[in-house]
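Work through the exercises below with the sequence and the structure at hand. Each task is followed by a solution in steps.

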Amino acid sequence: MSGPHSPAYLELVEHLQQTALLGSCAHLLGWDEQTYLPPKGGELRANQMALLSGMVHERATAPRMGELLSQLEEETAGAGGETPEAANLREARRSYDRAVCMPKRLVEELSRVTILSQQAWVEARQQKDFSKFLPWLEKVVTLKREEATAVGKDGAPLYDALLDDYEPGMTTDMVHAVFTPLREELVALVQQIAGSERSPDRSLITREYPIEAQRRFGPRAAEAIGFDFSAGRLDEAAHPFCSGIGPGDCRLTTRYDAHFFPQALFGTLHEAGHGLYEQGLQRDAFGTPMGHSVSLGIHESQSRMWENFVGRSRAFWECFFEPACETFPEPLAGVTLDDFYRSVNIVEPSFIRVEADEVTYNLHIMLRFELEQPLISGDLRAADVPAVWNETFKKYIGLTPPDDALGCMQDVHWSGGLIGYFPTYALGNMYAAQFYNAAEAELGNLHEQFAHGEFAPLRDWLRTNIHERGQLYRADRLLKAVTGQSLSHEPLVAHLRQKFGAIYDL
Ligand code: ZN
């Protein structure tokens, strides 16, 4: 499409933008639900969210949308091309087709049940009592199976339909194809590290880091990498997340542990990485695919890049170790930069995914991927999840969780209906390594820049190459356009081997 936009195109855009505005109200309520909502307001909030999601669904499936899409597809037949207009049309069609397959009753029921289920999960996790969560997990799995059946393609695994919601175009088979070689490499690397005589000093990061001081330090780091606090904020929540409400309003959360320094800081850098993506989207395109992130995997590539490739680099600490020593004089007294750098990169099998090191992290993801598929197909009963979790955990990570809070109940995702979501974390790690290499090829030695506190070149590069493009391309096409490569586990493995080879003297 070129020249002035047709009336049908303008009407489509207007409709999408109004729907997105309504959706942003639900996002804001969702953020509030996880941060400040008083416990007794849970049921009211569940009803509010169900009402709003029903309204959004009604607008997203309005017959007029179908008419406009068909008309525009006819008008532009054969035009092809990778223009913003073509991308908006392509992705609006995709969302519409998916939405019309979902009965409104199912949308509202999913919204209501997942809010209540998350509240039950919080309690069950605190009490380490899976039996309290089980009936909710059963309900959620049943509803998600119903969703997958409604929107899935004939003959494809049900899990594909859920995965596709988060990572458009990705299939279960494609995930297997990269996870299998990645797992082999990671297991070998973990073994090599376990056999190394060098071991970073973990006690450096488990000393007491006063929470008040951490509350000052985290935002300072987020601001340094470019997160705009006049268009966002940072609060505390049980499960850290980033919520891009809309232009000018992006909300991050983190959680503090006085005796585990990495949690809040790297959590904040991670969420700020997501936040930079949200803040880098084209403001005027809000509500249309061109103003939206590509996929969760691409989103995660941004957060993991800032958390790990930047935040856990030695260069980052060349710049931040001195401020850290000023902010935390007691725990860091007498500690050297090198010892500190090594201790924030300690590789150790552990129970909690969000606290896992860069090397074992993806094994945590693969475990969840292995469980979710049979859960959705019906081959694994919800009641058997703890046993299968523990067995697989032992196989992948080498440990047996002492209870389900440190095992299958640690993540919020399943209670929130986010099944098919986990693989995007590991995809994000792989995308991150590929993007990082491409950025460095263009920008020169990035570590040198980080050491001088220069994070703007990388941020601006990501903005131009990824953020501002919205959904112009799907993930695989974007990766190709930016890096010249297809998805591969190899750049990530090379990064891990180089970095941890040096730390552990392999
Ligand atoms: Zn993330």
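## Exercise 1: Helix α20

Gly 484, which comes just after α20, takes a positive phi of about 80 degrees. The model used throughout is a predicted one.

Task: Find which residues of helix α20 (residues 475-483) are buried, and state what they pack against.

Solution. 
1. The buried residues of α20 are Ala 475, Leu 478, Leu 479, Val 482 and Thr 483.
2. They cover an arc of only 100 degrees around the axis, so they are on the same side of α20.

## Exercise 2: His 274

Solution. 
3. With Ser 303, the side chain of His 274 makes a polar contact of 3.1 Å.

## Exercise 3: The two domains

Task: Describe how domain 1 and domain 2 meet, using the distance between their centres, the residues in contact and the buried area.

Solution. 
1. The protein is divided into domain 1, residues 7-151, and domain 2, residues 172-503.
2. Taken over C-alpha atoms, the centres of the two domains are 26 Å apart.
3. Contacts join 38 residues of domain 1 to 44 residues of domain 2.
4. Between the domains, an area of about 3500 Å² is buried, and carbon and sulfur atoms give 65% of this area.
5. On the domain 1 side, Trp 31, Trp 121 and Phe 130 lose the most area to domain 2, together 18% of what that side buries.

## Exercise 4: The largest nonpolar core

Task: Which residues have the most contacts inside the largest nonpolar core, and why does this core lie between the domains?

Solution. 
1. The largest nonpolar core has 134 residues, and Trp 317 and Phe 340 have the most contacts inside it.
2. Helix α17 gives the most to this core, with eleven residues.
3. Because domain 1 and domain 2 both give residues to this core, it lies between them.
4. Apart from this core lies another, of twelve residues, including Ala 8, Val 13, Met 65 and Leu 69.
5. Returning to Trp 317, the residues it touches, not counting those up to four places away in sequence, include Phe 217, Phe 261, Arg 312 and Phe 340.

Notes
Residues are numbered from 1 along each chain as its sequence is written. This is a predicted model: local features need pLDDT of at least 70, side-chain atom pairs count only at pLDDT 80 or more; totals for chains, interfaces and linings use all residues. Side-chain values use heavy atoms; hydrogens and water are left out. A polar contact is a pair of N or O atoms within 3.5 Å; within protein, one must be able to donate a hydrogen and the other to accept it, and residues adjacent in sequence count only if both atoms are side-chain atoms. Buried means under 20% relative accessible area, exposed over 50%, partly exposed in between (1.4 Å probe, protein chains only). Helices (H or I, at least four residues) and strands (E, at least two) are DSSP runs, numbered from the N terminus. The arc is that of the directions from the helix axis to the C-beta atoms. Contact means heavy atoms within 4.5 Å. A nonpolar core is a set of buried Ala, Val, Leu, Ile, Met, Phe, Trp, Tyr and Cys residues joined through side-chain atoms within 4.5 Å. Domain bounds come from an automatic or database domain assignment. Buried area is the accessible area (1.4 Å probe) that two parts lose on being put together, summed over both.
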